[in-house]
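Hi there,

Here is the structure I promised to pass on.

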Amino acid sequence: MSTRLYEHPIFLEHVTPAGHPERPDRVRAINVALGHPNFARLDRKEAPLASEEAVLLAHPEDHLRAVMRHIPEEDGEINQIEADTYASPKSLQAALTGVGAAMAAVDDVFTGQADNVFVAARPPGHHAEKTTAMGFCFFNNAAIAARHAQKRHGAERVAIVDWDVHHGNGTQDIFWDDRSVLFCSTHQMPLYPGTGAKDETGKHGTIVNAPLSPNVGSEQFREAFKSRVLPALSDFRPDLIIISAGFDAHHRDPLAQINLVGEDFDWATGRLLEIADKSASNRVVSLLEGGYDLEGLAESAGLHVLRLMKG
Ligand SMILES: [Zn+2]
């Protein structure tokens, strides 16, 4: 497989208050892990900046303006957008670069520049609803990427698989009544943000939630994947699979109580690649979401990317 990686120093310049789990060191830890000789074959590219208009693929203009109003001007200043979400002077540029990388990744897999792509960006995106920045997220990168695939490349069916330990409420909100996008999520329940029950299936049955009880591990995660996520994906026959790749279900993560190991992310990646091979000409775009223990994050992201490269 040819695997592309999007990275950019701006992802280190979105600053959150001291002690906040969503911090620049997360991307630093991934960059160090992917610097290992095992990843020498990765096709590394600098992430491009998206236009502000790109955000409108998944959000109304009011949302973009509201986020922009919260961006501080003075160096060192940090504004609180809501309970958990903060903006520093470079946050808008970082968020728009994450959006730009997600869209470029879609272009790459549809034009044959790469079989699959990993985007090591922050802030994350899957909690951002149509009109709400929340849970460390400004703009929903996965949703914007899906809309871009449809609009620019004529994708008819896009699947978004979200294995972040928190439910991707934002992605569910955006595609609730859209039969052209399948959203599958495994997540701990109960846990922030509180949505993601099994009976939340969307207007057309294209939302598949597979909640996991606290303190379960690999076996239950793989069983949820095998019994709920993979059959739904196979039936849907997506033209593109987008992964909301959060690594906070790792057993070391401080924000949740699921006990996955790095190999589970390797395994899940492998299963998604099999489906992408069958219906999507191998097209997989993976976007970093959560993951707050630096060691667990680096290990998990490394094994995920290695599997993308091996196929
Ligand atoms: Zn998360």
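G100 counts as buried because 22 C-beta neighbours lie inside 10 Å of it; the cut-offs are 20 or more other C-beta atoms within 10 Å for buried, 12 or fewer for exposed, and partly exposed in between, with C-beta atoms placed from the backbone. You will find G100 in helix α3. Helices (H or I, at least four residues) and strands (E, at least two) are DSSP runs, numbered from the N terminus. Leaving aside neighbours within four places in sequence, G100 is in contact with A47, P48, L49 and A50; contact is called when two C-beta atoms, placed from the backbone, lie within 7 Å.

Before you go further, please note that this is a predicted model, in which local features need pLDDT of at least 70 and side-chain atom pairs count only at pLDDT 80 or more, while totals for chains, interfaces and linings use all residues. Residues are numbered from 1 along each chain as its sequence is written.

G100 and I144 are 44 residues apart in sequence, with their C-alpha atoms 9.5 Å apart in space. I144 is one of the buried residues of α4. Helix α4 takes in residues 141-153, 13 residues in total, and spans 17 Å from first C-alpha to last, close to the expected 18 Å; that expectation is 1.5 Å times one less than the number of residues. How much of α4 is buried? The helix is mostly covered, with 10 of its 13 residues buried, among them R147, H148 and Q150. The cover over these buried residues includes α3 (91-111), β6 (158-162), α5 (169-175), β7, β9 and β10 (284-288). After α4 comes G154, with a positive phi near 70°.

Next, the helix pair to look at is α7 (residues 262-279) and α8 (residues 294-310), which pack at an angle of about 30° with their axes 8 Å apart. Axes here are lines fitted to C-alpha atoms, for helices over the stretch in contact, and angles run from 0 to 180 degrees between N-to-C directions. On the α7 side, the contact is made by G262, E263, F265, D266, T269 and G270, and on the α8 side by E299, S300, L303, H304, R307 and L308.

Lastly, some backbone details. Most residues other than glycine have a negative phi, and most peptide bonds are trans. Where are the cis bonds that I noted? One runs from M189 to P190, with omega near 5°, and another joins Y192 and P193, with omega about 0°. P190 is in the loop between β7 (181-188) and β8 (207-212), and P193 is also found in the loop between β7 and β8.

As for phi, N215 is not a glycine, yet its phi is positive at about 75°. N215 is in the loop between β8 and α6 (218-236) and counts as exposed because it has 11 C-beta neighbours inside 10 Å. R237, not a glycine either, has a positive phi of about 50°. R237 lies in the loop between α6 and β9 (240-245), and its 14 C-beta neighbours inside 10 Å make it partly exposed.
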